[in-house]
Structures are given as C-alpha cells and as structure tokens.
Amino acid sequence: MTRTPLRPLARILNARQKGENPDSIERENLRLRHEVMRDKSRGSAQLRLVVLALSFFGAFTLIGARMGTIAASEPVEPRTASAGTEIDAGRADIVDRNGRILATNMLTHALYVQTRDLIDPARVAKELAAIFPDLDEKTLLRRFTDGRSFLWVRKVLSPEQMQQVHEIGDPGLLFGPREMRLYPNGTLAAHVLGGSSFGAEGVNSAEVIGTAGLEKFEDARLRDPAQAGTPLVTSLDITVQAAVEDVLASGITMMNAKGGAAILMDVNTGEIVALAAGPTFDPNDRPANPTSGDPSDSPLFNRAVQGVYELGSTFKIFAASQAIELGLVTPETLVDANAPMYYGKFKINEFEGHNYGPMLSVSDIIAKSSNVGTAHIAMMIGGERQQAFLKSLGLFDASPVELVEAKGAKPLRPARWPEIVTITAAYGHGISGSPLNLAAAYASIANGGIKVTPTLLKRTEPMQGPRILSKAVALQAVGMMRRVVTEGTASLGDVPGYAVAGKTGTAEKTRKGGGYIKDKVVNTFASVFPANDPKYVLVVTLDEPSENTGSKPRRTAGWTAVPVAAEIIRRAAPLLGLRPQVEAASLDGLVAVKN
Amino acid sequence: MRPVLYVLSFLAVMALGFWAYRENYATQSALRDVTDLQNEIGSLRESLSIERAEWAYLNRPDRLRDLATVNFDRLGLLPMVPQQFGEVAQIAFPPAPLVTNLPIEGGEMVSGTLPVAGEQTP
C-alpha cells in the first residue's frame, strides 16, 4: 500500500502561497490516516468476534444436540462390544486353598405382591399359607386388604415353591430375581465364613452384604465389581478343616465340654489351615444374634477368636525361652522350685499341692509344668522385659486376622504390672488371650523365632516378620516342649511318626465378680509338629471339659485337650502331606490297617 | 452422451440404494445374533455357576463321609492314617514282560489238527 506523506510538498507550497497554516494539512492527513487504521482494526476485531461466536455456537449446539439425543433415546447396552469383558454384578466366590468352593451365589427368586392386581385375595392368602407353613392366612389376608399396594412375602424361594406359587395363577403375585449366597458345605468353616444377608432390596435385585466373619471383613473386596470374577482364596483346606471339625466335635462330646476350639496354622507363612469352633451353626440359615444371656453360649460365638481365656501354663514356655534368649539360664540350669512359694501375702502352689523341688532344671520345669519354677525364672527376667517380650509375640493386641470378630476380642491384661503380676503372668494367670493369639505366638517360636501374623488368606511366601528369638533358642524351646509330650504332662499327645511337641495349660474360669470357679476350667494344649522341623502349630482349647471315666472327674488339659489334639494330628497330618518320620510304616502296621 | 450419463448415474444410485438397504438389514440381524449369543452366554454362565455350586454341595465332606460309611462293605474306606505312607522301595517291581519272538533253533515240523473248542481231547 502506498503511504500518503503527512506533509505533501505541493500542498504545503500551495498553502504557504495562500498564507494558510501548513500544519493543518499535516493534522488533516494524520486524522485521515488514523481513521483508516481504526477502520481496519475494527474490521478485524469484528471478524474475530464473529468467528468466536460461531465456534461457540457450533460447540454448544453440538453438545446440546448430543445431550438431547442421549436424554431422549432409550438406553441400550453396547451390543457390538465383545463378550470377553466380564462385569459381574454378583458377589465374588470364596474358595479354599485348592480352589474348592466355600461360598458361592445362586440365582433364585423373591416373591412379592401387588395388592391392586390381586383378583381373589382370600384364595391367594389361603393357598400361600398352604405352601409356606410359617405364614398365617389371616395375617396375609389382612395385609392384602389393608390398603397397601406392595408387599414382600418371601425373600428367597426354592424352584419347587416357585412352581407352586405359579400354579396359584394370580396376576398380583410377582417374582423378583435374587442372587442368593450359598454355603454348599453347610456348617463347615461356619465361624470363618460368618454369614450374609440382603441389604437394600429392590424388585429387580437386592444387594448381598456380609454380616459376620470373613464375609463382613472382606465385604468391600467381595462386592467390588472389578474383582467379582476372581474368587477370594482363603488359606483353609476343606479336607483338613472337615477332619479337624469332626474330631473336635467328638472331643467336645466325649470330654463333656461346653464348647471348644481348634486352630491349625502353618508356622512359616502364618496361614490358618483349619479353624474350628464348637458348637457350630449353619451359615445358610444363620441364627439371630442372641439378645439375652451370655453371648458365649450362642453357637455364633467363635471360641477360637472371640474366646478370651486365661490360657494357663501354656505361657510358661514364653518365660523359659525368653530367659534362655537373655542368657540368664540354659535348659539344664537348676532353678529353685520349692513349693509352696511365698511372695508377700501371696502363696504360689503347684497343681494339687505337689512339690517338684527343691531344684528343677528349666527343661523339667516345662515338662512338669512347675508354677514355682516359672515364677523364679520370671523374677530373673523382670516385669519390663517380660512385658516387651509378650507384646512382641502379639499377646497384648487383638489378633490381626481377617475376621470382624477378632477386633473386639482384645486380650485382657492388668493395667499395672507389679512383680506379682510378673510372676502370675509367667504361668498364664491374670492375663487372657484368645486361642488364636496363642497359636500365633507358638508359631513364632516354632518357625525359628520370626514373628508370625496369622492370616486366613492364602500366602505363598514365608513370613517376613521381625526376629524375636534366635534360631538356636527357638530350637531349644521346641526341644523342651517335646519333653512335655515324651515324659511330661502331655504324654497322651504322642503321635508315632510326628514327634509332637507342646505345652498343656489348665486355667480356672473367672467369676464375673472376681475370683475363680473351681470346677469350671479352660483346658488348652498348644502343640507343634513335627518337633525336629516344625511345620504346623495346633492349639486345642476345651471350655469346661471333664473326663469322667475315672473315679473322679479329671479336668486337666493332659486328660482332655491333649487326646483330642493327638487325634487331630493323627487325622490331619497325613492329609497335610506330612510323611511320618521316625519309623517307616512296618509291614505289621499295614496288615493291621487292612484288617 | 449426456442421456447415457444420466441413465448410468441413475442406475448407480439404484445399486447403491439396494446395497445400503441390504447392509442395513444384515447389520440389524448381526446385532440380533450378538444379543442372542450374549443372552445365551449369560444363561450358560448362570447354569455353570449353579453346576459348580451343586458339585460343591454334592462333594461336601459331610456327605462324602456318610457315603463312605454307608458303602463301607464295598469300598472299605477309612480315614487316612500315617501308616499308609510307604517307601518307594516297598512297591514291587512290575513283572518282567514275557519274552516273545525267541529264535527257534533245531525245531521240528509238526502237523495235525487243532482241537475244536468244547471238544474233549484225549
């Protein structure tokens, strides 16, 4: 473009001749130039605005139209998508360590009534009452006719019942599909699985929520749609669990016990292979939570996890192994065991007033279960170190296992820890814990001194916990426990081929107001097998047992819990694939089995 | 020239219309097939899960134990005991296979009739 000069010479000269001010020409030209520039920039600004407005208009139209079509059209599933993408609305299965089903879902139907569509309410009420004996005809009829329009009749129906309801043929009777939680093994592992029930219910579906046990603890994982296709793999083994439950149930009956618990745990991984508690229940038809009476009398009460008992002499091995670890004693060191022992106003006795003293070796103290000897060892250790050790074994905290009940079962221990508590805690009095706490603590010793965190989910690697005992001391502790079985209080616990080691414990139950009840005891046998290379820990607890075959009832663990534990090991160890070690199967043995 | 072009383009439009019509219906039927298949997959999955539940129910340890007790005469099943573990050395070697095709040396020719089955031979 040609630029017009502000002061064109011709016009300036012309103006000068006429006597005008040439500056006005310059101003005029400047004004014209500014006008041109202004017009140009206005034009481009207008263009920008129009383009901007158009693009906004286009974008809003596009979004608006899309929103409109989405809102106006019927929702459909993307039908062309591949079927491989599994989005399961159901709850994930629970399986045992070998993939056998413990809990699964089944499709069934719920029955509901639209009362306005009922043709003959009286007949429907009569026929429904005939199909379901627990429904009352009069109540049903009143509900059908009291003005409500909608009414649930049954939460789940069997196919036969559904057919019978179909045959009533009333248009007001309607079915809604339901995913029902099914425990095909019945009472097996009931205390682990807990139970489930329906949460929010709609006509087309209902949510299944866990109400107890593993089902409740892992509720979020089980309901996660992304993981619904992959089952939750537990550490339980159905076969072993069934054998343990079988033996425990007969043990409870034979020993006239109120209940019992058995825990079988892998010492290296902390996996619980079997966890049984008796009496048991059927999770398919879980009884209601008890509202009155002692909750521990309900079959729902999981004695293995919730039962916080004084575990008695089973604690002695902790004092002995800690004293060896600290270098205070060796298994052969002689310790004062002269009973009864007096500490201030307290008198410490042996079982049935025995006196194993005056001196006993540490190993004999464990084998004979001497309270006085253990008390002396505990005084050597001192309260603070004892507390720290028991805490490191996990005996002061609720067990971290994957059951909701576990959190509420915190071990009971005295708030203050004077020396008398040090003494009594060493032999398991005045301090309580659940059998599961004890099993984890024994596993920590049996695996060579690595702290074990118990779990119900399958683990593949050994525990990576802190070391609490040196390997040599742990071996010595297991060796001392082996002597308990070969020549001590648990002589009935010997299972040929499996070198059982263990420690018995008998504790009297505490009265609510305080003090002990003489003839109500809790017997515990915590065992480790095989002793030369410990693989499993088995804790058997019996609640109020008494063995009545003798002239007077026997209530010590050696007579009640130990034989039950021995039978469990005899049955379970072959199932766990443990080969008997000491004697190879003799030909005579084979013949005897054949007969 | 021009009328030929018109006719050709008209025919092309007709052909394309026919093709689009067929494609439309083919797509719709394919979609219906997919829906049917997915419904079938869903119901098969459902019945599979029921079969698995039934399998687990029929194989529950309680029932197997009862069955083993009921059929003890025939099966003789008892709980596994430690004595049943054996050593590999306890297992007998399988009998040596019969040696056939031995070389026959110095054989003789024998002739006669084979006895008929059921007939007494002296």
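What follows is a short exchange about a predicted model.

Author: In this predicted model, local features need pLDDT of at least 70, side-chain atom pairs count only at pLDDT 80 or more, and totals for chains, interfaces and linings use all residues. Residues are numbered from 1 along each chain as its sequence is written, and chains are lettered from A.

Reader: What is the mean pLDDT of chain B?
Author: pLDDT is the predictor's confidence in each residue, from 0 to 100. The mean for chain B is 85, and 84% of its residues reach 70 or more.

Reader: Why is strand E16 of chain A called largely enclosed?
Author: A residue is buried if 20 or more other C-beta atoms, placed from the backbone, lie within 10 Å of its own. In E16 (residues 501–510) of chain A, 7 of the 10 residues are buried, so the strand is largely enclosed by the rest of the structure. Strands are DSSP runs of at least two E residues, numbered from the N terminus.

Reader: What makes E16(A) and E17(A) a pair?
Author: Two strands pair if DSSP finds at least two bridges between them. E16(A) and strand E17 (residues 516–529) of chain A have 10 bridges, in the antiparallel sense. A:Glu508 stands opposite A:Val521 in E17(A).

Reader: How many residues lie between E16(A) and E17(A) in the hairpin?
Author: There are 5 residues between them, and A:Gly514 in the turn has a positive phi of about 120 degrees.

Reader: Where are the bounds of the domains of chain A?
Author: Domain 1 covers 94–115 + 146–233, and domain 2 covers 240–587. These bounds come from an automatic or database domain assignment. The C-alpha centres of the two domains of chain A lie 39 Å apart.

Definitions and conventions. Buried ≥ 20, exposed ≤ 12 C-beta atoms within 10 Å, placed from the backbone. Helix = DSSP H or I, 4+ residues; strand = E, 2+ residues; numbered from the N terminus.
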